[in-house]
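Reader: I've got a new fold open on my screen. Could you walk me through reading its strands and helices?

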Amino acid sequence: MTTDPIADLLIRIRNAVKARHKVIEVPSSNIKKEIVRILYEKGYILSYKYEEGVPQGKIKIALKYHPETKHPAIKSIRRISKPGLRKYVDAQNLPRVLNGLGIAILSTSKGVMTDKEAKIQKVGGEVLCYVY
């Protein structure tokens with residue numbers, strides 16, 4: 001049992017990208033589903049699928065690589081807010097990752113969203129991770 005399931009998801013993705021895996025499976029939870037949905041919508045992963053056969057459920061994630069150069073779409077994925085030290089931001093101080101080229105995933109009162117969506121909706125929240 002892990003104490004930080006979000007960090008477990010991000011580390012599995014990071015390790016799979018470094019090992020050049022095509023597909024990975026992670027245990028499912030609602031917040032992990034939202035993070036994976038955002039990664040898919042922003043083009044960092046190829047596809048994902050939920051499997052409900054096991055008691056907790058699993059998420060199958062197909063990682064994305066450039067077809068010719070085989071470089072991964074995810075260069076870096078990093079956990080920011082940790083169980084020992086939570087990082088919260090308000091709507092005026094939302095983070096910019098790589099000067100707007102990357103995304104920050106936030107957990108807000110209106111759901112899990114990117115920094116750009118939070119800026120439009122003028123909400124702050126807990127900064128879960130940076131992806132670029």
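Author: Two strands pair if DSSP finds at least two bridges between them; helices (H or I, at least four residues) and strands (E, at least two) are DSSP runs, numbered from the N terminus. This is a predicted model, where local features need pLDDT of at least 70, side-chain atom pairs count only at pLDDT 80 or more, and totals for chains, interfaces and linings use all residues. Residues are numbered from 1 along each chain as its sequence is written, and side-chain values use heavy atoms, with hydrogens and water left out.

Reader: How many bridges join strand β6 to β8?

Author: Six, with β6 (residues 103–108) and β8 running antiparallel. Leucine 106, for instance, sits opposite valine 127 of β8. Strand β4 (residues 77–79) also pairs with β8 in the antiparallel sense, over three bridges, and there isoleucine 77 faces valine 131. Strand β5 (residues 88–89) is antiparallel to β8 too, joined by two bridges; tyrosine 88 has glutamate 126 as its bridge partner.

Reader: Why is β8 largely enclosed by the rest of the structure?

Author: Because seven of the seven residues of β8 (residues 125–131) are buried. Buried means under 20% relative accessible area (1.4 Å probe, protein chains only), exposed over 50%, and partly exposed in between.

Reader: And how do I read packed helices?

Author: Two packed helices are described by the angle between their axes and the distance between the axes. Axes are lines fitted to C-alpha atoms, for helices over the stretch in contact, and angles run from 0 to 180 degrees between N-to-C directions. Here the axes of α1 (residues 5–18) and α2 (residues 30–41) come within 10 Å, crossing at roughly 40°.
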